[in-house]
Amino acid sequence: MNKKKIIVAITGASGSIYAKLLLDNLVKLSAQIAQVGVVMSDNAKEVWRFELGNEEYNNYPFTFYPKMDFNAPFASGSAKFDTMIIVPCSMGTLGRIAHGISNDLISRAADVVLKERRKLIAVVRDTPFSLIHINNMKIVTEAGGIICPASPSFYSRPQTIEEVAQTVVSRVIDLAGLEQDTYRWNEE
C-alpha cells in the first residue's frame with residue numbers, strides 16, 4: 001500500500017471540532033500515512049480555543065508549519081503530497097483559492113495541489129451560501145477540488161456532538177482514500 005502524504009489546513013471558520021476529530025482519526029490511521037503536515041491560521045487557533053476550550057492542537061504528533069512558511073515542503077509540487085484537507089474551510093480561504101491568490105501557506109499549498117492534479121478537499125462550514133460562495137465552490141470544483149460541506153448525516157443515529165461531527169469527518173477520510181471502520185449505509 002502506498003502511504004499517503006497529507007496536508008491539513010485549519011482556518012478560522014467555526015467548526016474546530018471537525019479539525020480536532022480529523023487529527024484524532026489521522027493519528028489512529030497512521031499505518032496508512034507517511035506524513036502529515038499541518039498549517040493553522042491565527043484565527044483557527046483563536047476559534048479552537050474559544051469553541052473547544054483548549055490548545056490541544058499543540059499535542060499532535062504531526063509537523064506544524066507557520067502560516068507564512070513558504071519553505072514548507074508542500075509549498076512545492078516536488079514534495080508530492082497526495083491530499084490536502086482544509087477543515088474547516090472559511091469562505092475567505094475558498095475565495096482566495098478559487099482566484100489563485102497565494103498569499104499564505106494554506107492558499108499556496110491549495111494552489112500547488114490543484115496545479116499538480118492532486119486531491120483537494122475543502123470542508124466548507126458556513127450557511128447560508130451567497131452567490132459569491134457558490135461561484136467560488138464551482139470554480140474550485142472545476143479546477144479539480146472537492147467541496148465537502150460540513151453537513152452531518154444522521155442515519156447512523158449519532159448520540160453526541162462528537163458522533164454527529166464524526167459523520168462529516170468519516171466522509172472526509174473516505175474522500176482522502178484512507179481505509180477506516182465506520183458506519184456504512186445498509187451494511188451489517
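Predicted model: local features only at pLDDT ≥ 70, side-chain atom pairs only at ≥ 80, totals over all residues.

**Cavity**

I noted a volume of about 30 Å³ for the largest cavity. I then listed its lining, which consists of Ile7, Phe74, Ser76, Gly77, Lys80, Phe81, Val112, Val113 and Arg118. Sorting these by class, I counted five nonpolar, two polar and two charged residues.

**Helix α3**

Next I turned to helix α3, residues 91-98, and asked which of its residues are buried. I found Met91, Thr93, Leu94, Gly95, Ile97 and Ala98 to be buried. Six of the eight residues of α3 are therefore buried, so the helix is largely enclosed by the rest of the structure. Looking for what covers these buried residues, I recorded elements including β4 (83-89), α4 (105-115), β5 (119-124), α5 (131-142) and β6 (146-147). After α3 comes glycine 100, and I read its phi as positive, near 70°.

**Strand β5 and its partners**

I went on to β5, one of the elements that cover α3, and saw that five of the six residues of β5 are buried, so this strand too is largely enclosed by the rest of the structure. On the β4 side, I found five bridges joining β4 to β5, with the two strands running parallel, and methionine 84 standing opposite leucine 120 in β5. Towards β6, I found two bridges from β5, again in parallel, where isoleucine 121 has isoleucine 146 in β6 as its bridge partner. Finally, I traced the path from β5 through α5 to β6 and noted that these make a right-handed β-α-β unit.

Conventions. Residues numbered from 1 in each chain as written. Heavy atoms only, no water. Buried < 20%, exposed > 50% of the residue type's maximum accessible area, 1.4 Å probe, protein only. Helix = DSSP H or I, 4+ residues; strand = E, 2+ residues; numbered from the N terminus. Contact = heavy atoms within 4.5 Å. 1 Å grid on protein atoms, 1.4 Å probe; cavity = no way out; pocket = protein on both sides within 12 Å on 5 of 7 lines; lining within 4 Å. Points joined across faces, edges and corners; volume = space filled by probe spheres on them. Nonpolar A, V, L, I, M, F, W, Y, C, P; charged D, E, K, R; others polar. Pairing = 2+ DSSP bridges. Right-handed = clockwise from strand over helix to strand, strands pointing away.
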